[in-house]
Amino acid sequence: MKHFALITGASEGLGKSLALECANKGMDILLVSLPSTGLPELKLLLDQNFEVFVDYLEIDLTDDESCHYLIEYVKSKEYPISFLINNAGVGGNYQFGNQDFAVFNRMIQLNIKALTMITHGMINVLAKNSQSFILNVSSMIIHFEGPYKQVYGATKSFIFYFSKSLSIELKDKNIQVTVLCPGGINSNIKMARINNQCNLLQQISVLYPEEVAAYSIEKTMKGKNVIIPGKIVNLYFIFSKLLPNQFRNWLIKTNNTKLIKSQQALSQ
Ligand SMILES: NC(=O)c1ccc[n+]([C@@H]2O[C@H](COP(=O)([O-])OP(=O)(O)OC[C@H]3O[C@@H](n4cnc5c(N)ncnc54)[C@H](OP(=O)(O)O)[C@@H]3O)[C@@H](O)[C@H]2O)c1
């Protein structure tokens with residue numbers, strides 16, 4: 001079966017690598033990202049290198065109207081979407097009380113509301129195919145509660161719970177739901193600099209978006225429910241469960257403190 005993928009946050013980082021991987025697998029693609037972030041150039045790159053159909057939409061998914069527009073656009077074009085990839089997401093490290101609420105509002109709107117609205121709007125489209133997939137991008141952070149990532153971690157926990165619940169609910173519609181929980185990814189220069197400030201174990205576990213994308217698409221198509229890419233991340237995850245709570249919390253706090261300092265230094 002020829003698949004048609006809808007990928008949010010496709011302009012850079014993991015989303016761009018997922019787009020290249022989908023094209024490599026012969027899928028047609030609808031790319032979605034913010035305006036002026038390189039989607040026409042990405043379409044050109046895909047057109048020149050793969051024999052697939054590519055379209056793009058430049059919209060801000062923190063806006064409800066844009067999410068509605070995307071859903072109506074897919075329906076009006078009759079694109080037979082069979083692979084929905086909810087990748088767009090914003091993160092960061094912030095002191096809760098000192099940060100303008102607009103930052104958290106944007107995080108909640110994009111990571112939770114847009115993802116939920118798009119998934120809801122696409123269910124009937126996905127259900128028309130003999131086999132469809134939803135790949136939702138959460139994060140490994142959901143297993144490491146700590147300071148400065150309170151809202152981001154909570155939005156990613158929402159995605160995890162939502163995906164696991166939906167996966168059971170949609171089984172009889174032939175829609176496979178998978179949730180991806182990556183550790184650090186050097187998805188762009190800023191992320192590479194920030195990831196470089198993590199503790200040593202996390203530093204050596206950082207992955208590149210191309211490898212995460214290839215592994216995620218493969219495992220999703222094989223019907224895996226939860227994907228944690230990278231051997232070292234998996235080891236770190238198991239190892240962290242064995243640590244006494246106090247030491248574990250200290251480790252996370254120390255790590256997150258380095259991250260927030262590094263993020264603040266980069267934004268100066
Ligand atoms: N990097 C990591 O270490 C890491 C770890 C775990 C999970 N993740 C998750 O992986 C996903 C991709 O992360 P990444 O590191 O590849 O991030 P990224 O490089 O910042 O890419 C995020 C993508 O989402 C798009 N986007 C942002 N705000 C948007 C909006 N309002 N409307 C539409 N598109 C929007 C961005 O477009 P612009 O180019 O315009 O910003 C970009 O294409 C996210 O959900 C993130 O939470 C990342």
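Trainee: Which residues does Ala 5 touch, leaving out those up to four places away in sequence?
Mentor: Ala 5 touches Cys 22, Met 27, Ile 29, Phe 83 and Ile 85. Contact means C-beta atoms, placed from the backbone, within 7 Å. This is a predicted model: local features need pLDDT of at least 70, side-chain atom pairs count only at pLDDT 80 or more, and totals for chains, interfaces and linings use all residues. Numbering starts from 1 along each chain as its sequence is written.

Trainee: How many residues are in the largest nonpolar core?
Mentor: It holds 62 residues. Such a core joins buried Ala, Val, Leu, Ile, Met, Phe, Trp, Tyr and Cys through C-beta atoms within 7 Å. Ala 5, Cys 22 and Ile 29 are among those with the most contacts inside it. Helix 4 supplies the largest share, eight residues. Helices (H or I, at least four residues) and strands (E, at least two) are DSSP runs, numbered from the N terminus.

Trainee: In helix 5, which residues are buried?
Mentor: Val 151, Tyr 152, Thr 155, Lys 156, Ile 159 and Ser 163 are. They share one side of helix 5, because they cover an arc of only 135° around the axis. That arc is taken from the directions from axis to C-beta atoms. Buried means 20 or more other C-beta atoms within 10 Å, exposed 12 or fewer, partly exposed in between.

Trainee: What do those buried residues pack against?
Mentor: Helix 4 (101-126), strand 5 (132-137) and strand 6 (175-180). On the other side of helix 5, Tyr 161, Ser 165, Ile 168 and Glu 169 are exposed.

Key:
Contact = placed C-beta atoms within 7 Å.
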